[in-house]
Amino acid sequence: MSKMKELSKGLFKDNPIFVLMLGLCPVLGVSTQVSNAIGMSAGVMFVLLFSNMIISALRKFIPASIHIPAYIVVIASLVSFIQMVMHAFVPAVYASLGVYLPLIVVNCIILGRAEAFASKNTVVDSILDAIGMSVGFALGLTLLATIRELFGSGTITLFPMGSFSGVINIPWFYDNPIRVFSLAPGALLIMGLLKAFFDWNSSRKKDR
Amino acid sequence: MTKNLKYGLILLTICAISAFALAMTNSITAPVIAQHDYEARQLALTAVSNGYAIGTEAAVEGDQYVTYTIDLSENGKVVGYIVGLKGSGYGGELTLVASYKTSGELMFAQLLTNSETPGLGAKAADVAYMTKFQGTGADKPIPTNKSMLSDADSQAVSGASITFGAVARSLEAGSEYVKTLGGVK
């Protein structure tokens, strides 16, 4: 596969959320606000990039029979690292991500890509795979969070900067929120509709 | 045997490198985190003090909800208390700081730490969340279930009933505790 395809496959064709259906628990949980989605995506991006890089570099050193515990140690260490750094330097994002930040350890995307890709490919290809997959994850999660927050609360929550509070109230939607979109059933409903769209898009391309 | 020893050594090496890297990171971030926590607590104490003079902290042992109290005084007279509270939310323990008049009436409250679900229970950390409890605890009971709230407040806590219950019960316990302390020292 060409380097470009390696990079772009995670965006649509093998999108980790809507096609591979990986890491759905945190996706459904944090997609209530756009700022949560951005923070979670940044955490996943960092961990996936470095875990793919380290595991690919160590693939000949780690025997097959102990690869799972070795990968988990690497991933858990990276998550602990990002947790400490976020807690110290971006405490607002750390607080808003709550329990989902440590849960990146068991996010199926990270272990899935380590097992399915990084352990069998070169460091460069693993980096491209991590970038593509994490950008695909970020786009999917942010899209889901934008739709849920817009319809469920009528707001778009970003990060406060100076005099900007971080919350943009969207006219009409703000006065007429459809609360179910903020709750778990709304997450599943939007997730299902977006999954259907991705499936339709993929089958349309195959038919051509 | 040799194979197992080799596997053990490989895992040990990976664990040792990881532990060293994390220890180095912790040595850099721990003081910054401690400073943030201290500043957040001081800000919270000032925010809930209602302009009264903040006294010294007295630890409370053996209470399910109350962890410490601090006198609030005006012209040398104790007019209220800041109470450190803890509760059990959806994601684990949450801690609050709340100020009460000596009658047990809640003046202000703030959530300090929590592990609640982002976007749902974690909304309890918003300043506006606590306004529904203000002024209750003496003449009016502290609302401990959603039926005691207005429609708008009830909607605001929907989807996070466990968090609301934990916050409300902690604030109620704080109010009851303050009533036992009285105001004259």
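Chain A has a radius of gyration of 18 Å, which agrees with the value near 17 Å that a compact globule of 208 residues would have; the radius is taken over C-alpha atoms, and the globule rule is 2.2 Å times the number of residues to the power 0.38. The model is predicted, so that local features need pLDDT of at least 70 and side-chain atom pairs count only at pLDDT 80 or more, while totals for chains, interfaces and linings use all residues. Residues are numbered from 1 along each chain as its sequence is written, and chains are lettered from A and ligands numbered from 1 in the order in which they are written.

For chain B, a compact globule of 185 residues would have a radius of gyration near 16 Å, but chain B has 21 Å.

| Chain | C-alpha extent along the principal axes |
|---|---|
| Chain A | about 60 × 50 × 30 Å |
| Chain B | roughly 75 × 40 × 25 Å |

**Chain A**

Chain A holds eight helices and two strands, and from the N terminus on its elements run α-α-α-α-α-α-α-β-β-α. Helices (H or I, at least four residues) and strands (E, at least two) are DSSP runs, numbered from the N terminus. Buried residues make up 38% of the 208 residues in chain A, where a residue is buried if 20 or more other C-beta atoms, placed from the backbone, lie within 10 Å of its own.

Helix α4 (residues 67–89) of chain A has 23 residues, which at 1.5 Å a residue should span 33 Å, and its end C-alpha atoms are 33 Å apart, which agrees; the expected span is 1.5 Å times one less than the number of residues. Among the buried residues of α4(A) are Y71(A), V74(A), I75(A), F81(A) and M86(A).

Among contacts in chain A between residues at least 6 apart in sequence, 75% join residues at least 24 apart, two residues being in contact if their C-beta atoms, placed from the backbone, lie within 7 Å.

The contact between the chains takes 25 residues from chain B and 30 residues from chain A. On the side of chain B that touches chain A, helix α1 (residues 2–48) of chain B gives the most, with 14 residues.

Technical notes: A residue is buried if 20 or more other C-beta atoms lie within 10 Å of its own, exposed if 12 or fewer, and partly exposed in between; C-beta atoms are placed from the backbone.
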